Amino acid sequence: MKKNKQAAAFSATLSSMIAPEAVSVQPKSVGKVISFGDGVVRVKGLDDIQASELVDLGNNQYGLALNLEKDQTGIVALGNAEHLKAGSIVRRTERILSVGVSDDIIGRVVDPLGRVVDGGPAINADKDMLLEAKAPGIMPRESVKQPLQTGIKAIDAMIPIGRGQRELIIGDRSTGKTAIALGTILNQNDQDVICVYVSIGQKRSSLAQTIEILNKQGAMDYTVIVAANASVSAAEQFLAPYAGQAIAEYFLSKGRDVLIVFDDLTKHAQAYREISLLLRRPSGREAYPGDVFYLHSRLLERAVKLNKDNGGGSITALPIIETQANDVSAYIPTNVISITDGQIYLEADLFNAGMKPAINVGLSVSRVGSSAQIKAMKQVAGTMKLDLAQFRELQAFAQFSSDLDDKTKAQLERGERVNAILKQGWDEPLKVEEQVTVIFAAVKGYLDGVAVENIGTWEIEYLEYMHTSHNELLTKIAKEKMMTEEMEKELAEAVENFNALHPEIATPQEA
Amino acid sequence: MKTIHATVTSAVKLSDKQLKKISETIKAKHTGAKLELETVVDPAVIGGIKLTIDAVEFDATVRGKLDRLHDHLLQQF
């Protein structure tokens, strides 16, 4: 008797869960597979399908409708659709590509369709964000005015990045491109910025390493990773940056500041080239299709700084491009250089010479970031870029002559020290007030008595001294974001005191 | 004259009377068009019929209903 009752209750719950319209017969648009190969499905039928709609390929596999023609549709398979054969039936889903996002996504690793790949529980989607959303228009935007601190002295002082800017990181393989992006993510730990790291076509081993670093440093508490490894289909690699952008836009809609890193767009362009060639779209320069510029411009146009009325959030994009043998005039590098608001140019020669980060200051620019730089930094580092350029010129010239006048010699010595102070481990980001005090010492000549090879030790000891003895000055710089004359005087005294206390690394100057 | 291509899939072979009824129903919806009717017997559909008219499918088979039920229930967890 009791069993019967339970069964009745069970069937009642079950029937309450089944909406009759969900199982009733509905007309469904279908198509018949003409051919399938290399991940591209050609389908007859599907007359009313929309562009970039998801197609149900059966066996729980999906495809993306990319080519809509009069008598056939070109679909790229997302994942493995090996069960397909000529004559198989595929169906419309009436779903345009989107990812389900909620606050739970922070700290997770997802694939370009928003499915978790880190083994944890699925994400309870709060909102479906379109992969291909239109970039915000002109009126809701505002000019870039708030700095995004990378924690890297060379960048924050000379190539400042603002929130809402797009700054390209470009350089040959293994010149530290990813390191700069990761260092920037690490430095956002107290900046109230959500980070999205999009990995495109990378080895699983490198991504695992990246995740481990971020986990160890506690950066996963505010970071989302979108992963499309080298082993997944070209279609998924092509979608990854748009998925990352969609996730970033979810946080933007909540008025948050977001930093998004695309690592890297060269592989993204190559994945798109693969798809386009397989779909038999006409190819152009370097066999890329005609719309490869639009591919990246529509992505990077979605980086934005919104005004107060629209939530005031921002998306800062750091795309990465890998060059071959320093060739920045190849097709994809020139495209992305022209789209972004500046570039950080890394050079293998500098890297090998021990200059890390290997930033070529002369060729790197930031077109909008200087208006976002804090005043204190502008005060101390204002002429640094020009000085370094002059130093390099002088250095090249000095190679030819042995006897130099004292003034030139002094200039060279100073330049070498300013150069040396820009060296920094990628996982040792500095707060802006720390950077200001260090750069102040270098450009004002307080380092002239320090041997170049001792500068690393000097910096560590000096920062420790500043934190123990002049902490209130540091907080004052961080708070007021500018240097008054008194603060400058106090800072100068602090450096002098420090140098006097440490004669082993700094021989005191006759001022 | 426009030709429409229709496929009827069923678990068992349909009688001529049943097929006539089906083709008449289709013709009534698409007046003035020539109808090419193809029949497929597929025991995997278990029961009922599936009608594919050009690129539109009406799936009233037991298999199709079970699949939809499966997806529908899975969505709720």
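How many helices and strands are there in chain B? This predicted model has two helices and four strands in chain B. The legends below begin with that chain.

**View 1. Chain B and its order of elements.** Read from the N terminus, the elements of chain B follow the order β-α-β-β-β-α. Along the principal axes, the C-alpha atoms of chain B fill a box of roughly 50 × 25 × 15 Å. The radius of gyration of chain B is 14 Å, whereas a compact globule of 77 residues would have one near 11 Å. Of the 77 residues in chain B, 16% are buried. Among contacts in chain B with a separation of 6 or more, 62% join residues 24 or more positions apart.

**View 2. The contact between chain A and chain B.** Here 13 residues of chain A are in contact with 13 residues of chain B. On the chain A side, helix H2 (20-23) and strand E1 (27-37) are the elements that give two or more residues. E1(A) provides the largest share of that side, five residues. By class, the side of chain A that touches chain B holds eight nonpolar, three polar and two charged residues.

**View 3. Strand pairing across the two chains.** E1(A) pairs with strand E4 (residues 56-61) of chain B. The two strands run in the antiparallel sense, and three bridges join them. Within this view, A:Pro27 stands opposite B:Phe58, a residue of E4(B).

**View 4. Domain 1 and domain 2 of chain A.** Chain A is divided into domain 1 (25-94), domain 2 (99-347) and domain 3 (378-501). A distance of 29 Å separates the C-alpha centres of domain 1 and domain 2 of chain A. Between these domains, 12 residues of domain 1 are in contact with nine residues of domain 2. Strand E4 (61-68) and strand E5 (73-78) of chain A each supply at least two residues of the domain 1 side. E5(A) gives the most to that side, with four residues. The side of domain 1 that touches domain 2 consists of six nonpolar, five polar and one charged residues.

**View 5. A:Asn499 in helix H17 of chain A.** A:Asn499 is found in helix H17, which spans residues 485-501 of chain A. Is A:Asn499 buried or exposed? A:Asn499 counts as buried because it has 21 C-beta neighbours inside 10 Å, and the cut-off for a buried residue is 20 or more. A:Ser11 is 488 residues from A:Asn499 along the chain, and the C-alpha atoms of the two are separated by 83 Å.

Definitions and conventions: Residues are numbered from 1 along each chain as its sequence is written. Chains are lettered from A and ligands numbered from 1 in the order in which they are written. This is a predicted model: local features need pLDDT of at least 70, side-chain atom pairs count only at pLDDT 80 or more; totals for chains, interfaces and linings use all residues. The radius of gyration is taken over C-alpha atoms; the globule rule is 2.2 Å times the number of residues to the power 0.38. A residue is buried if 20 or more other C-beta atoms lie within 10 Å of its own, exposed if 12 or fewer, and partly exposed in between; C-beta atoms are placed from the backbone. Two residues are in contact if their C-beta atoms, placed from the backbone, lie within 7 Å. Domain bounds come from an automatic or database domain assignment. Ala, Val, Leu, Ile, Met, Phe, Trp, Tyr, Cys and Pro count as nonpolar, Asp, Glu, Lys and Arg as charged, and the others, Gly among them, as polar. Two strands pair if DSSP finds at least two bridges between them.
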